[in-house]
Amino acid sequence: MPKDTIYANTLNDVPNFRFDQQVVDVFPDMIKRSVPGYSTILAGIAQIVERYAQNGSHCYDLGCSLGAALLAMRHRVRADGVRIVGIDNSAAMIERCEQVIGADASECPVDLIHDDILTHDFKPMSVCVLNFTLQFVEHAERCALLNKISRAMLPGGVLILSEKLQFNDAEHNELMIELHHNFKRSNGYSELEIAQKREAIEQVLLPESFEQHQSRLLDAGFRSADLWFQCFNFSSIIAFK
């Protein structure tokens, strides 16, 4: 697994974070060392898909990156006639994801699509996964995306929304950031790497509170939305249609 050293050297001008080829090449290491609880979330997604995927429906992974959630879904789906669909707007991510899925022996069909999830026309779905994706969507566009997902969601379907949270209490919010940074330090990131990554991502990753996410999901037509996982400021929400 190639090691993430993107921010290991001093950059005179730190560019905004992008899911380009440089990130694709080190993405598994970056996620493992940066996102606490990521493997637990993937295991939970697999269990949820096993329970809620419906016969003849689609299961979507929006912002599928290199296909970790796709594989978790594919290995545990039990319903008949299910198609798993991964969509990402990064051509480099989709190209590498095709290699990952191609090397997997599972039989459940997977479609990979290079497209913008904001304009894509969804087919009837029983499961939708947004695994740390919505946080990269502009605030003004989030309601429309969730409304569109809700309209395509079959009764009894579920949305899994994993997000980095911010907290209303300033002291609590700062503590969660500190704990996250300690997690990154324990995984070998230097102070320079942590600082430069934070500068690169703070203009493109736009976190919100759990209450904001919950309210938006209910407004979109989901009957309930609650946390099923949280570690520091990283969380996953399940919403029922």
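How many of the 241 residues of the protein chain count as buried? The share is 53%. Here, buried means under 20% relative accessible area. This is a predicted model, and the values below are computed from it.

Start with the overall fold. The protein chain holds 8 helices and 7 strands. Its C-alpha trace spans about 50 × 40 × 30 Å along the principal axes. The radius of gyration is 18 Å. A compact globule of 241 residues would have a value near 18 Å, so the protein chain agrees with that expectation.

Next, look at how the sequence is brought together. Take the contacts between residues at least 6 apart in sequence. Of these, 78% join residues at least 24 apart.

The protein chain exposes about 11300 Å². Carbon and sulfur atoms supply 49% of that area. As for charge, there are 22 positive and 32 negative side chains. The centres of these two sets lie 5 Å apart.

Finally, zoom in on one strand. Strand β5 covers residues 153–164. How many of its 12 residues are buried? The count is 9, so strand β5 is mostly covered, given that buried means under 20% relative accessible area. Strand β5 also has a partner, strand β4, at residues 125–131. The two run parallel, joined by 6 bridges. When viewing the side chains here, keep a general rule in mind. In a regular strand, side chains alternate between the two faces of the sheet.

Methods. Residues are numbered from 1 along each chain as its sequence is written. This is a predicted model: local features need pLDDT of at least 70, side-chain atom pairs count only at pLDDT 80 or more; totals for chains, interfaces and linings use all residues. Side-chain values use heavy atoms; hydrogens and water are left out. Helices (H or I, at least four residues) and strands (E, at least two) are DSSP runs, numbered from the N terminus. The radius of gyration is taken over C-alpha atoms; the globule rule is 2.2 Å times the number of residues to the power 0.38. Buried means under 20% relative accessible area, exposed over 50%, partly exposed in between (1.4 Å probe, protein chains only). Contact means heavy atoms within 4.5 Å. Accessible areas come from the Shrake-Rupley method with a 1.4 Å probe; for residues, only the protein chains shown count as cover. Lys and Arg count as positive and Asp and Glu as negative; His and the chain ends are not counted. The place of a charge is taken as NZ of Lys, CZ of Arg, CG of Asp or CD of Glu. Two strands pair if DSSP finds at least two bridges between them.
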